[in-house]
Amino acid sequence: MILLSAVLFFGLLLLGLDVGFSMILAALAGLLLRHDGGGDVVMAPLTLVSNVDTAVLITVPLFVLAGELMNQGGLTHRLIGWSSAMVGHMRGSLGQVGILTNLVMSGISGSAVADATATGGLLIPAMKREGYRPGFAAAVIAAGAMLGPIIPPSIPMIVYAVTANVSIGKLFLAGIVPGLLMAAGYMVLCAIIARRRGYAARPRSSWGERITATRTAIWALAIPVLIILGIRSGIVTETEAAGVICAYALVVGFLVYRDLKGRELGQVLYAAGRTSAVILFLLAAAGPFAWLLNEAHIATAISGAILSLSSDPLVILLVVNLVLLAVGMILEPLPALVMFVPTLLPIQAQLGLDPVHFAMVVIMNLMIGMLHPPIGLLIFVTSAVGRVPIWPVAMEALPFLGWSLAVLGLITLFPALVTWLPGVAL
């Protein structure tokens, strides 16, 4: 039954059916073929609803809406201008600008695809005009956009927290150090590659120009700080913070930057609603499949098999890394989170691993999957946005993928990199 459902699921994916519908159809097939004659088919609609029937998930459409409002309200242009003033003089200047802009934007939208689309549409053509290899230009944006789900706020972190009953605030804080490590490494790689290929740097901005750029972009730069401080101080919950940021984005877009027009508000709401619907539909669709796996005790069998390999927590974590990296090669992060987190939680409990540390290991594994083939969601997005063939983007992304794996290894070996800040702050 389970084997048939799995084969059907991957078969439907190969045929090009949407991953959400593939999960639902595979789960229905498994339910109909149960030994009791399909009496549990009623669980399909029940689990579809129950998987998204939680108040915390309100933060998903709210953070998505905040990101859309700020992007439409002139955020991207001002952040690019600020980043250019700060790091434009470094080797590979537009690449550095792309990484820094995405680092800041990741603290606003929490969506890698949204960040890649917003920054890629502006910076990839600019880099190509200045003589950067098209594949490198798209790869830089893809790597920078991957910071979106790691730096708070993060939609995958919210999904994990709901699935595993972990504090969203602690997960948000846990992502800061790994995200900064990844961004710093990406910028070093940009400088090394630029030096080898002879990419020129722009003139250094004066302190007056930097102050002016900061003053212009300060309303956007303040958003990540407001989110973290608001949650850290207990003034607002994660859900309330998302609502406050939406109101803040409306005020900034309409009254401060004045790039957001009333006639555009409908388009913004539609775009945010469409993105949120895709995310929540994937979560709902994973419900029947996850329930079927649970009924068949697949999670217990898999966790038992992994735990039987060794009693050393580090060895088990390395095995989990390998498994999740393989999963990330064939599944997108959100459905993979919902499908595999319940399977992995018994491992975390059995070994007594810190829930926040284990969560970050899982999340980073699956996010790295967006930067390598065959799925490589960000590779496909930046390839489409920049009109660059996929293969050169994938090849140019390899150094950034290598550093991402190095950071994953660091947080696996040294849990304090992700547990220290949540432990101090919350």
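**First stop: a serine in a helix**

Select S83, which is buried at a relative accessible area of 0%, where buried means under 20% relative accessible area, exposed means over 50% and partly exposed lies in between, with a 1.4 Å probe and protein chains only. S83 lies in helix 5, residues 75-87, and helices here are DSSP runs of H or I with at least four residues, while strands are E runs of at least two, both numbered from the N terminus. If you set aside residues up to four places away in sequence, S83 touches G88, V97, L100 and T101; contact means heavy atoms within 4.5 Å.

Before going on, note that this is a predicted model, in which local features need pLDDT of at least 70 and side-chain atom pairs count only at pLDDT 80 or more, whereas totals for chains, interfaces and linings use all residues. Residues are numbered from 1 along each chain as its sequence is written, and side-chain values use heavy atoms, with hydrogens and water left out.

**The whole chain**

Now zoom out and colour by secondary structure: the chain has 22 helices and zero strands. The radius of gyration is 22 Å, close to the 22 Å that the globule rule gives for 426 residues, so the chain is as compact as a globular protein of that length; the radius is taken over C-alpha atoms, and the rule is 2.2 Å times the number of residues to the power 0.38. Along the principal axes, the C-alpha atoms fill a box of roughly 75 × 45 × 45 Å. Of the 426 residues in the chain, 54% are buried, and among contacts between residues at least 6 apart in sequence, 79% join residues at least 24 apart.

**The nonpolar core**

Next, select M146, Y160, L337, V362 and F400, the residues with the most contacts inside the largest nonpolar core, which has 140 residues. Such a core is a set of buried Ala, Val, Leu, Ile, Met, Phe, Trp, Tyr and Cys residues joined through side-chain atoms within 4.5 Å. Helix 18, residues 355-368, gives the most to this core, with 11 residues. Centre the view on F400 and, leaving aside its neighbours within four places in sequence, you will find it in contact with F136, A139, V140, A143, Y186, L189, C190 and L371.

**A threonine in helix 21**

Move to T412, which lies in helix 21, residues 398-413, and is buried, with a relative accessible area of 2%. Beyond its neighbours within four places in sequence, T412 is in contact with L314, L317, L318, N321, H357 and V361.

**Backbone stops in the loops**

Most residues other than glycine have a negative phi, and most peptide bonds are trans. With that in mind, select P152 and P153, which are joined by a cis peptide bond with omega about 0°; P153 lies in the loop between helix 8 (134-145) and helix 9 (155-164).

Then select N165, in the loop between helix 9 and helix 10 (168-174), where phi is near 60°, a positive value in a residue other than glycine. Is N165 buried or exposed? At 73% relative accessibility, N165 counts as exposed.

Finish at R387, in the loop between helix 19 (377-386) and helix 20 (390-396), which has a positive phi of about 55° although it is not a glycine. R387 is exposed, with a relative accessible area of 76%.
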